[in-house]
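Here is a short note to read beside the model. Please keep the structure open while going through the points.

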Amino acid sequence: MKLNYKKTIYVGFAFFLICAFWQAYDNTIPLILTNKFGLSQTVSGIIMALDNVLALFMLPLFGAISDRSKSPKGRRTPFIIVGTIVAVVAFILLAIVDGAQLKNIEQYAKVDDPTALEAVYEEASKAEELMSPAGEKFVLQEKFTKEEFKAISSTIPNPASSGAATITNPDYTNYVVPARQWVIQGATHQHPGTLIIFFVLLLITLLAMATFRSPAVALMPDVTIKPLRSKANAVINLMGAAGGIIVLALGIVFATGSTKNSFMPYLPYFAVIAIIMILALAIFKMKVNEPKFVMEMHEESLRLGLTEWDQEGVDTNAQGEGSRDNNGHHGRKLTAAEKRSLALILISIVLWFMGYNAVTSKYSVYASTILHKDYNLTLIVAQIAAIISYLPVGIIASKIGRKKTIIAGIVMLAVSFGVASTMRATSPALLMNVLFALAGIGWATINVNSFPMVVEMCSEGDVGKFTGFYYTASMAAQVVTPIFSGFLMDKMGMTILFPYATIFAAAAIITMVGVKHGDSKPEARKGIEALEEME
């Protein structure tokens with residue numbers, strides 16, 4: 001039996017729109033919070049962790065609720081449709097409120113404008129002390145006169161280039177940015193209504209996204225036989241990467257990473273993202289017949305002798321003791337050894353997300369302040385590398401096993417982050433792109449195989465619940481790491497970001513070595529290969 005790639009791609013459009021949203025969210029919301037509202041990295045990290053706090057409770061909840069759903073449209077599809085529509089509407093409203101805040105701070109929010117810089121200087125001179133992104137504490141009027149401050153440009157000629165190339169001016173990053181941030185923070189305190197409305201809309205958006213993430217991800221194992229789930233998950237992740245890379249390309253078109261666009265209005269950019277999400281939802285709705293796809297999977301499993309199904313289409317041949325809940329659904333009790341493996345997998349997920357998410361949530365700020373580079377291009381390189389890798393690593397895992405493949409991916413992630421910690425503005429841009437390409441391959445290798453390892457141990461009636469376990473672990477890490485990494489960046493300087501990520505990635509190698517269950521079974525892999533040869 002070969003994977004039905006066409007069907008899997010259609011199922012993947014749900015994950016495509018999810019990743020498109022999160023790419024835009026992770027790249028722009030931190031910039032809005034720090035640039036437009038003047039919030040510190042710590043406070044911004046707390047707000048950025050909000051979606052993960054909600055996910056801790058909502059992803060397992062809605063995964064389990066969708067397991068019990070009896071909608072004629074399927075267990076997962078209704079959640080995907082309703083959640084996407086609500087999220088898109090709230091996302092557009094966020095951009096409108098962003099525009100309103102821009103009007104509140106317009107006298108300060110003009111890059112390279114002497115009048116705006118004069119206004120910033122006069123207000124920021126009232127601060128007892130400011131701190132640069134590198135951790136240097138300073139008093140503004142002791143560092144610059146008003147005329148010197150007004151003359152600071154956001155860019156300077158690149159000393160490493162003989163052409164017209166420019167880089168971000170370190171004086172702008174280290175002194176203008178924190179001074180302006182302090183002033184804008186004061187303006188936000190004087191007019192808190194806009195921030196409150198922004199926060200409420202942000203909450204609605206995050207709630208909407210949380211209601212359908214687990215159902216969307218659980219749909220893949222619902223319609224795919226177990227031995228093919230790594231390959232199918234590679235396709236799903238490929239679709240997610242495609243959504244992310246389209247958004248990154250749009251970021252280059254709209255120049256969201258440019259220092260000169262620090263105070264750009266985001267409504268046009270958000271509107272395009274919303275259109276992409278709606279188009280992806282429309283394709284999903286037209287092409288995915290969930291009840292039909294699930295029945296085809298049941299029939300294929302029976303034909304291949306992989307499992308037995310009762311009249312409700314529930315797996316009754318899963319390893320371990322089974323039981324029924326009050327609704328008549330089969331459950332599955334794990335053995336003690338399986339519970340240890342599940343715990344180690346979940347701990348590993350926490351660790352690698354602690355490292356990886358710290359980079360993804362902070363890199364847009366890090367790139368502009370430390371590397372003096374546009375973050376979009378580097379992230380696109382990582383996404384392209386991941387896209388190229390998804391299918392090959394799925395095939396490799398089907399040959400050598402998921403565990404070995406994941407460990408190789410974690411090693412790549414740790415090495416790339418470790419070397420990236422030495423990079424600065426004068427470092428070759430090509431080297432950073434190579435490192436992010438390696439990180440992209442490593443992350444693809446981990447992502448393709450970790451989720452199938454978790455759901456490998458559950459019965460069909462519990463796929464949504466185990467999907468919730470997977471996301472509880474990942475979201476727990478993503479609750480802590482933006483706050484903790486933001487706190488360290490505030491106290492120790494932004495250069496702590498990549499060493500921080502390296503430590504957590506390395507720790508995940510240790511815990512993953514102890515995992516003994518959840519791998520694709522050798523006999524199942526051999527059986528599928530034999531069937532493929534016969535066909």
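**Notes on a helix and some aromatic pairs**

1. Ile 196 is exposed, with a relative accessible area of 52%; exposed means over 50%, buried under 20% and partly exposed in between, with a 1.4 Å probe and protein chains only. Ile 196 belongs to helix α9, helices being DSSP runs of H or I of at least four residues, numbered from the N terminus.

2. The model is predicted: local features need pLDDT of at least 70, side-chain atom pairs count only at pLDDT 80 or more, and totals for chains, interfaces and linings use all residues. Residues are numbered from 1 along each chain as its sequence is written, and side-chain values use heavy atoms, leaving out hydrogens and water.

3. Helix α9 is mostly covered, since 22 of its 31 residues are buried. It bends by about 30° at Phe 212, and Pro 215 follows within four residues; the bend is the angle between axes fitted to the seven residues ending at a residue and the seven starting there.

4. The whole structure holds 29 aromatic pairs. Rings of Phe, Tyr and Trp (its six-membered ring) pair if their centres lie within 6.5 Å; planes under 30 degrees apart are stacked, over 60 edge-to-face and the rest tilted. Tyr 266 and Phe 270 have ring centres 5.8 Å apart and planes at 40°, so this pair is tilted.

5. Tyr 366 and Phe 498 make an edge-to-face pair, at 5.2 Å centre to centre and 80° between the planes. Tyr 366 lies in α13 (residues 336-371) and Phe 498 in α18 (residues 497-513), so the pair ties together parts 132 residues apart in sequence.

Note on methods: Helix = DSSP H or I, 4+ residues; strand = E, 2+ residues; numbered from the N terminus.
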